[in-house]
Amino acid sequence: MKTIYHKIDRLNPDPQIIENAAAIIRQGGLVAFPTETVYGLGANGLDPNAVERIFQAKGRPADNPLILHIARRQELSGWVREVPAWLEPVLDRHWPGPLTVVLRRGDGIPDKVTAGLDSVAVRLPDLQAARALIRAAGVPLAAPSANLSGRPSPTTAAAVLEDLDGRVEMVLDGGACDVGLESTVLDCTGDCPTILRPGGVTLEMLQELLGTLRQAAADDADAAAAPRSPGMKYRHYAPQAPLLLFRPEAIEGEDGLLAVIHQALAEGKTVGALVSREVMPLLPAQIKAFSYGSRLDPAATAASLYQGLRWFDHHPVDLIVAEGVPETGIGRALMNRLAKAAGSSIKDCRKSGE
Ligand code: TXA
Ligand code: MG
């Protein structure tokens, strides 16, 4: 298949290009499109055959459900059994935006979208180009991130093409995504709202509106034992080299990031580092290093994380070491994705003298 590629203005996309893309969706095809979080791989969410093609193009396990993307908030009630009253202020504040809500599933949604679950995940994206496409298609779009399963989510059209060129009908290039990490997934089906996946709408923002809420265990083993969000049990966002993740306070010191680099170099290994601008000058010269920006700007770090992980696929090394960030605000989402890329091992530095 030849993939058609179009550049678009993400805030004011050409209606003719959007109409061509919408026609592909209506005919059961696949269109990769920008959102404010990451690029999505969209298909008609009401057509089981089109949805099946998403799973094939990505190599995605069939038991991992998809998010249904809508263009207007009022469409939500058509796809779910009930919208709880407590959720309305959250939607007032954060929709459109990087927040996905999981609710009891209504009628008319194919089993393939929800992987047979009794719930459905729904998101109203903020980016104009995304909503223009959904509106023009006239159907909700089932859309996972537009990467091959197990690869970092794409935050640019180039990253989409790297994974999916020849596997999808069209790629719309709206430039780099602003948030750069996938949406927060909030489970609203139980007694207590639960964050299944941390994202751009943070725990702190939701606590402000909801008071108490739960966070699902970030630990993969727990998630595998009781997968509330089936996607959590898979190793995600994995770069090709093994990745060791260090907490931000574990840079210097005897088991810290710098010590591990020197040890690996002494063993003759090639080493890559994914670190803040502040740590860059501390690295030995022979390291292949990608800076994700300043420690003082967590949002910019989030926006460049996946680009950094993909950078190492083009700069192969035996080992990648990554500097973590404090786990507050968007930092929780960042550490969640980094921990998954690392296969969940986070290194603490032993403090000197202990
Ligand atoms: O920001 C985003 O959410 C991006 C853009 C394209 O919108 N989409 C995205 O989709 O990240 P995907 O498929 O890569 O991740 C969807 C996550 C998975 O972890 C999946 O298990 C979870 O949402 N999910 C979907 N439906 C669910 C449901 N009914 N119950 C619990 N978790 C669900
Ligand atoms: Mg994904």
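Me: Before we start, what should I keep in mind about the numbers?

Reply: This is a predicted model, where local features need pLDDT of at least 70, side-chain atom pairs count only at pLDDT 80 or more, and totals for chains, interfaces and linings use all residues. Residues are numbered from 1 along each chain as its sequence is written, chains are lettered from A and ligands numbered from 1 in written order, and side-chain values use heavy atoms, leaving out hydrogens and water.

Me: In what order do the strands of the sheet run?

Reply: Strands are DSSP runs of E, at least two residues long, numbered from the N terminus, and two of them pair if DSSP finds at least two bridges between them. Here eleven strands make an open, mixed sheet ordered β1-β8-β2-β3-β7-β4-β6-β5-β9-β10-β11. β1 (4–7) and β11 (214–215) sit at the edges with a single partner strand each, so one side of each has no neighbour in the sheet.

Me: How many bridges join β4 to β6?

Reply: Three, between residues 67–69 and 119–123, and the two strands run parallel. H69 is opposite R123 in β6.

Me: Which strands does helix α2 touch?

Reply: Contact means heavy atoms within 4.5 Å. Helix α2 (residues 48–58) packs on the sheet, touching β3 and β7.

Me: How many disulfides are there?

Reply: A disulfide needs two cysteine sulfur atoms within 2.5 Å, and the count is zero. The closest cysteine sulfur to that of C188 is in C192, 11 Å away, so too far for a bond.

Me: Is C188 buried or exposed?

Reply: Buried means under 20% relative accessible area, exposed over 50%, partly exposed in between (1.4 Å probe, protein chains only). C188 is buried because its relative accessibility is 6%.

Methods:
Helices (H or I, at least four residues) and strands (E, at least two) are DSSP runs, numbered from the N terminus. Axes are lines fitted to C-alpha atoms, for helices over the stretch in contact, and angles run from 0 to 180 degrees between N-to-C directions.
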